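Please examine the sequence and the three-dimensional structure shown here. The briefing that follows treats salt bridges, strands, selected positions and the surroundings of the ligand.

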Amino acid sequence: MAERLTESQIDEALSSLNATLAADEQWQRDGDKITKTFTFKSFIRAFGWMSQIAIWAEKLKHHPEWFNVYNRVEVALTTHDVDGLSELDFSLAEKMEKFR
Ligand SMILES: C[C@H](O)[C@H](O)[C@H]1CNC2=NC(N)=NC(=O)C2=N1
């Protein structure tokens with residue numbers, strides 16, 4: 001089972017996740033979640049990306065909270081099993097960036 005990360009582990013994981021991302025592309029901390037809004041060229045690009053991520057989510061057994069309107073996908077990652085953030089949230093976030 002996933003383990004709940006401590007505050008300092010979260011700070012470190014978030015810095016590492018954001019290290020290669022532009023200032024306007026950064027993940028944000030929102031309590032027990034990390035969040036980001038992805039914008040694509042079209043709805044079909046957004047939905048194609050969501051389909052790829054859905055397959056990874058099944059593989060990782062870790063699923064995003066997300067909301068899609070047209071070319072925009074608002075993502076929130078959290079680990080319900082530990083009532084907080086775990087390594088899985090950061091692994092899924094990395095996949096999201098990789099397939100972006
Ligand atoms: C048994 C199963 O792996 C768990 O219920 C998983 C499924 N997907 C999950 N996804 C997320 N985001 N948090 C969880 O705690 C979680 N738990």
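The side chains of K36 and E97 form a salt bridge, with N and O 2.7 Å apart; a salt bridge is a side-chain nitrogen of Lys or Arg within 4 Å of a carboxyl oxygen of Asp or Glu. K36 belongs to strand β2 and E97 to helix α3 (residues 87-99), so the pair ties together parts that are 61 residues apart in sequence. Helices (H or I, at least four residues) and strands (E, at least two) are DSSP runs, numbered from the N terminus.

This is a predicted model, in which local features need pLDDT of at least 70 and side-chain atom pairs count only at pLDDT 80 or more, while totals for chains, interfaces and linings use all residues. Residues are numbered from 1 along each chain as its sequence is written, and side-chain values use heavy atoms, with hydrogens and water left out.

**Salt bridges**

- K36 and E97 are both buried; buried means under 20% relative accessible area, exposed over 50%, and partly exposed in between (1.4 Å probe, protein chains only).
- E25, K36 and E97 are linked in a network of salt bridges.
- The whole structure contains 6 salt bridges.
- One of them joins K33 to E65, whose closest N and O atoms are 2.9 Å apart. K33 lies in strand β2 (residues 33-39) and E65 in strand β3 (residues 65-69), so this pair ties together parts that are 32 residues apart in sequence.
- K33 counts as partly exposed because its relative accessible area is 28%, and E65 is likewise partly exposed, at 28% relative accessibility.
- R72 and E74 also form a salt bridge, and their closest N and O atoms are 3.1 Å apart.
- R72 is partly exposed, with a relative accessible area of 32%, and E74 is partly exposed at 31% relative accessibility.

**Strands and their pairing**

- β1 and β2 pair in the antiparallel sense over 3 bridges; two strands pair if DSSP finds at least two bridges between them.
- D30 has K33 in β2 as its bridge partner.
- The hairpin of β1 and β2 has 2 residues between the strands, and G31 takes a positive phi near 65 degrees there.
- β2 is also joined to strand β4 (residues 72-77), by 6 bridges, and these two strands run antiparallel.
- I34 has L77 in β4 as its bridge partner.
- β3 and β4 run antiparallel and are joined by 5 bridges.
- E65 stands opposite A76 in β4.
- The hairpin formed by β3 and β4 has 2 residues between the strands, and Y70 in the turn has a positive phi of about 50 degrees.

**The two faces of β2**

- In a regular strand the side chains alternate between the two faces of the sheet.
- Along β2, the side chains of I34, K36 and F38 point to one face and are buried.

**Selected positions**

- Is A19 buried or exposed? A19 counts as exposed, because its relative accessibility is 61%.
- A19 lies in the loop between α1 (7-18) and β1 (28-30).
- The C-alpha atoms of A19 and R72 are separated by 23 Å, and the two residues are 53 residues apart along the chain.
- I53 has its place in helix α2 (residues 43-60), where I53 is buried, with a relative accessible area of 0%.
- I53 and L88 are 35 residues apart in sequence, and their C-alpha atoms are 13 Å apart in space.

**The ligand and its surroundings**

- Which residues surround the ligand? They are K61, H62, H63, T78, T79, H80 and D81; a residue is near a molecule if one of its heavy atoms lies within 4 Å of it.
- The residues of this shell divide into no nonpolar, 5 polar and 2 charged. In this division, Ala, Val, Leu, Ile, Met, Phe, Trp, Tyr, Cys and Pro count as nonpolar, Asp, Glu, Lys and Arg as charged, and the others, Gly among them, as polar.
- A polar side-chain atom of H63 lies 2.8 Å from a nitrogen atom of the ligand.
- A backbone N or O atom of H80 lies 3.1 Å from an oxygen atom of the ligand, and for D81 a backbone N or O atom lies 2.7 Å from an oxygen atom of the ligand.
- Of the 390 Å² of accessible area that the ligand has on its own, the protein covers 65%; accessible areas come from the Shrake-Rupley method with a 1.4 Å probe, and for residues only the protein chains shown count as cover.

Methods: A polar contact is a pair of N or O atoms within 3.5 Å; within protein, one must be able to donate a hydrogen and the other to accept it, and residues adjacent in sequence count only if both atoms are side-chain atoms.
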